[in-house]
Amino acid sequence: MARRPIDISVPDLSGERAVVTGASDGIGLGIATRLAAAGAEVLLPVRNRRKGEAALTTIRRKTPAAKVSLHDLDLSSLASVAALGETLREEDRPIHLLINNAGVMTPPDRQTTADGFELQFGTNHLGHVALVAHLMPLLRAGRARVTSQISVAANRGAINWDDLNWERSYDGMKAYRQSKIAFGLFALELDRRSRAGGWGITSNLSHPGVAPTSLLAARPELSRDGDTTGRKLIAALSARGILFGTPESAGLPALYAATSPDAEGGEFYGPSGPGHMGGGPGKQKLYSRLRSPEEAQRIWQVSEELTGVDIPSA
């Protein structure tokens, strides 16, 4: 039986500048494509220029008049994040939307970033924290909405405070869960601090549910030569319209959280189908791991220390 398409309307975004990480393929490319079609100027910070150029071609094929450009960014390198921040600050143009979508998931063996952090914690969390810090003047100038993509994995596990970089007992899935819990806590703390300090920034969370995306596909750079067994199963069930979402529907919660006038700061959006694994986007109950303001303040402080960046409050 054919699956009924799921979609949302996106408001007119003419005159707005949007930054989407992880937009060279998968969910991020779908989000960037929709933002460009709605009139936004979309910046695609990418690690792989070849994939980035292909993404530009895809977006322009669907929206010939799209305002879209590539920038270099490797979230696993704090120097690369700082360089992008400097480039955009020199342009001195407000940013109205930031969608922190990029991520890596469960490399078979422990890997580290250019700065020595466990790869998932360093990329999914610390890289994005540093990006927010470096873009803060532009986000405040644009009274930006910041949407940070986490995962259903954040509903389990915990932050390994005694060994944040998993040097003593690496477990890929536990490390992935930690990266998403940490990033979720940071994003919620960003909204709290913005409200308290009058920064004008609205920060919320989204998750894509479960869908056959590139996250669990073959990734030679992660020493993964083929699609995981899990991805093959997800793809088979998704194609039959059973339980899981599609690559297209998986991007809708972030798109809704970032653009809908009904989406609010400090809230969490994801698929509304069974188990929140597929279906149209809607507001969801915050995972228990994300409810502690004390843990959020702690991860904020630790993240500033580890990245060497201070997020200006005034």
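Me: How many aromatic pairs does a search of the whole structure find?

Reply: This is a predicted model, where local features need pLDDT of at least 70, side-chain atom pairs count only at pLDDT 80 or more, and totals for chains, interfaces and linings use all residues. Residues are numbered from 1 along each chain as its sequence is written, and side-chain values use heavy atoms, with hydrogens and water left out. Rings of Phe, Tyr and Trp (its six-membered ring) pair if their centres lie within 6.5 Å; planes under 30 degrees apart count as stacked, over 60 as edge-to-face and the rest as tilted. The search gives 3 aromatic pairs.

Me: Which class does the pair Phe 268 and Tyr 287 fall into?

Reply: The ring centres of Phe 268 and Tyr 287 are 4.8 Å apart. Their planes stand at 75 degrees, so the pair is edge-to-face.

Me: How many residues apart in sequence are the parts that this pair ties together?

Reply: Helices (H or I, at least four residues) and strands (E, at least two) are DSSP runs, numbered from the N terminus. Phe 268 lies in strand 7 (residues 268-271), and Tyr 287 is in the loop between strand 8 (281-283) and helix 9 (293-307). The parts tied together are therefore separated in sequence by 19 residues.

Me: Are Phe 268 and Tyr 287 buried or exposed?

Reply: Buried means under 20% relative accessible area, exposed over 50%, partly exposed in between (1.4 Å probe, protein chains only). By that scale, both Phe 268 and Tyr 287 are buried.

Me: Which ring does the charged end of Arg 298 sit over?

Reply: A charge sits over a ring if NZ of Lys or CZ of Arg is within 6 Å of the ring centre and within 35 degrees of the ring normal. For Arg 298 the distance to the centre is 3.9 Å, and the ring is that of Trp 161.

Me: How are helix 4 and helix 5 oriented to each other?

Reply: Axes are lines fitted to C-alpha atoms, for helices over the stretch in contact, and angles run from 0 to 180 degrees between N-to-C directions. Helix 4 (residues 119-141) packs on helix 5 (residues 172-197) at about 20 degrees, with the axes 7 Å apart. Angles under 35 degrees count as roughly parallel, over 145 as roughly antiparallel, 65 to 115 as roughly perpendicular and the rest as oblique. Helix 4 and helix 5 are therefore roughly parallel.

Me: Which residues does Thr 123 touch, not counting those up to four places away in sequence?

Reply: Thr 123 lies in helix 4. Thr 123 is buried, with a relative accessible area of 8%. Contact means heavy atoms within 4.5 Å. The residues that Thr 123 touches are Leu 75, Ser 76, Val 104, Thr 113 and His 128.

Me: What separates the C-alpha atoms of Ile 8 and Leu 252?

Reply: Ile 8 is found in the segment before strand 1 (17-20), and at 15% relative accessibility Ile 8 counts as buried. Among its contacts beyond four places in sequence are Leu 252, Leu 255 and Tyr 256. Ile 8 and Leu 252 are 244 residues apart along the chain, and their C-alpha atoms are separated by 7.2 Å.

Me: How many residues of helix 8 are buried?

Reply: The buried residues of helix 8 include Leu 252, Pro 253 and Leu 255. Helix 8 (residues 252-259) is largely enclosed by the rest of the structure, because its buried residues number 7 of the 8.

Me: What is phi of Thr 106?

Reply: Thr 106 lies in the loop between strand 4 and helix 4. Thr 106 is buried, at 19% relative accessible area. Its phi is positive although the residue is not glycine, with a value near 45 degrees.
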